[in-house]
Amino acid sequence: MSCRELTIEPVTRIEGHSRVTILVDKKKVKGARFNIVESPRFFEKLLEGKFAEEAPRITQRICGVCPVAHHLASVKAIEAAWDCQPPESAVKLRRLMLIGQIISSHSLHLGFLALPDLLEVDERSILGVARKDPKLASCIFKLNRFGLQITEAVGGRAVHPVSAIPGGMSKPIEGERRDQLLASGKECVEMAYELAVLVDNKVGKKEELIECLNLSRTRYAGVTTDGRYELYDGKVTVLEPSGEKIEFEAKDYSDHIAEKTVPHSYAKHPYLHRFGYPAGIYRVGPLSRLNVAAELRGGKVAERFRSFVKKFGRPAHNTLAYNFGRAIELAYTVEQALNMLEDSAIEGNDVFSTPHPKAGRGVGIVEAPRGLLVHDYQIDAEGLITRANIISPTTQNAPSIESETLLLASNLFPHAAANLKHMLSTIEIMIRAYDPCLTCSTHFVELRKSA
């Protein structure tokens, strides 16, 4: 007798299109698939034959939610291939632009996608949040706008920035814009902290969800500098469930990370070489960044971080901790944005160092809002890209989302006869906690000959 299928289609309140398929035989779950059905984008192929300096302008079009991360990973890859080091003031501007992206993306996810579940509003949307707490909704919009204002001021546009170029930045930030951002940031910093407190309290009261989503002990990957929290540059740190750490340079990622195609998804499944597949799957994103970092310093945020560790342990494995981690990161990055805006070096005109193109391979890695992002280019002597590989955060999280869907369905299905809708809704909450960006993740398509 064949298995029957339970489906969630579409998975709601995420970016992109996906379907969950759960295979059930009698009273047992036999399998689960996280089907990413977003159309493949072919950006890696589109880059072939293009001049390398065009790549940062092309790849920021991969996604409208996290274009800054693609823009910066791309320009870093080119600079690595050309052995080009941008001036310190340019690096500071890039860091600020990336922080702006984190602020806008995290506020968007928390307000529009996560809070409707945490607050249990009748209308599971930002409209429901606004009706229940208009002040909270207003804070969400202000935080999101602050992040976009930073991106526009530094990147030239609020979405799809253009200012990062091989060798540095095309322009410094204007003094008047810096002052305006400082004023906005000072208004937002307390809002971000209060939001972190709210998420802390709401997550803490979700005892049933916490128990349901305590699914697996896995590995985590993120960028660190001397063990500290990092977003723009550093070594890749892989944290074992035991607490042991493995570190490697960005250029060596392919010695550690492999990619596997699966027949039911347009996204590949990355895993760690040394452990094989599926034993070597790992997670990235806010939860991973807080796990791999030795500590998180900074004002009141340190207090929330201690609360995070107390609730979920260290390393934290519970998937619901993603939402709390995202709120902590939001408060932390608003604090960091203020510190960077007060640095007069970002106004300096020394933001560009002339690059000297040559043949070579370059790897650029940054932390996108959803986690580790890899751009890997091979460039020839004419300055043309001959090969490109891009590994997005959601691609790396997809295997974990799928394995946790199976675990969660297996745990809940025997008790779901009276309320199957509740089981499927809980699976969506779990997937939503990862904040998947499916547009970025599709890099594979199966070609078949016609009869």
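This is a predicted model: local features need pLDDT of at least 70, side-chain atom pairs count only at pLDDT 80 or more; totals for chains, interfaces and linings use all residues.
Me: Why is Glu-230 called buried?
Reply: Its relative accessible area is 9%, and buried means under 20%, so Glu-230 qualifies. Glu-230 sits in the loop between strand 7 (228-229) and strand 8 (235-239). Leaving aside neighbours within four places in sequence, its contacts are Arg-95, Val-223, Thr-224, Thr-225, Arg-289 and Glu-367. Glu-367 is 137 residues from Glu-230 in sequence, yet their C-alpha atoms are 7.8 Å apart in space.

Me: How do you know that the length of helix 13 agrees with its number of residues?
Reply: Helix 13 covers residues 420-433, which is 14 residues. At 1.5 Å a residue it should span 20 Å, and its end C-alpha atoms are 20 Å apart, so the two values agree.

Me: What makes helix 13 largely enclosed by the rest of the structure?
Reply: The count settles that: 10 of the 14 residues are buried, so helix 13 is largely enclosed. Among the buried residues are Met-423, Leu-424, Glu-428 and Arg-432. Just after the helix, Asp-435 takes a positive phi of about 55 degrees.

Me: Why are strand 1 and strand 3 called edge strands?
Reply: They belong to an open sheet of 3 strands, in the order 1-2-3, with antiparallel pairing. Strand 1 (4-8) and strand 3 (28-36) each pair on one side only, and that is what the name refers to. From one strand to the next, the twist averages 20 degrees. Strand 2 (residues 18-25) is joined to strand 3 in the antiparallel sense over 8 bridges, with Ser-18 opposite Ile-36. Helix 12 (residues 393-412) packs on the sheet, where it touches strand 2 and strand 3, and its direction makes about 150 degrees with that of strand 3. Helix 13 also packs on the sheet, touching strand 1, strand 2 and strand 3, with its direction at about 55 degrees to that of strand 1.

Me: How do you know that strand 13 and strand 14 pair?
Reply: Pairing needs at least two bridges, and 9 bridges join strand 13 (residues 360-368) to strand 14, running antiparallel. These two strands form a hairpin with 2 residues between them. Strand 14 (residues 371-379) is also joined antiparallel to strand 15 (residues 385-391), by 6 bridges. That hairpin has 5 residues between its strands, and Gly-383 in the turn has a positive phi of about 85 degrees. Strand 14 is mostly covered, with 8 of its 9 residues buried.

Me: What makes the backbone at Arg-13 and Asp-83 worth a look?
Reply: Most residues other than glycine have a negative phi. Arg-13, not a glycine, has a positive phi of about 55 degrees, and Asp-83 has a positive phi near 55 degrees. Arg-13 lies in the loop between strand 1 and strand 2, while Asp-83 is in the loop between helix 3 (67-81) and helix 4 (88-118).

Me: Why is Arg-13 buried and Asp-83 exposed?
Reply: The cut-offs are under 20% for buried and over 50% for exposed. Arg-13 has a relative accessible area of 19%, so it counts as buried. Asp-83 stands at 60%, so it counts as exposed.

Me: How do you know that the peptide bond from Glu-9 to Pro-10 is cis?
Reply: Its omega is near 0 degrees. Pro-10 lies in the loop between strand 1 and strand 2. Another cis peptide bond joins Tyr-277 and Pro-278, with omega about 10 degrees.

Key
Residues are numbered from 1 along each chain as its sequence is written. Side-chain values use heavy atoms; hydrogens and water are left out. Helices (H or I, at least four residues) and strands (E, at least two) are DSSP runs, numbered from the N terminus. The expected span of a helix is 1.5 Å times one less than its number of residues. Buried means under 20% relative accessible area, exposed over 50%, partly exposed in between (1.4 Å probe, protein chains only). Axes are lines fitted to C-alpha atoms, for helices over the stretch in contact, and angles run from 0 to 180 degrees between N-to-C directions. Contact means heavy atoms within 4.5 Å.
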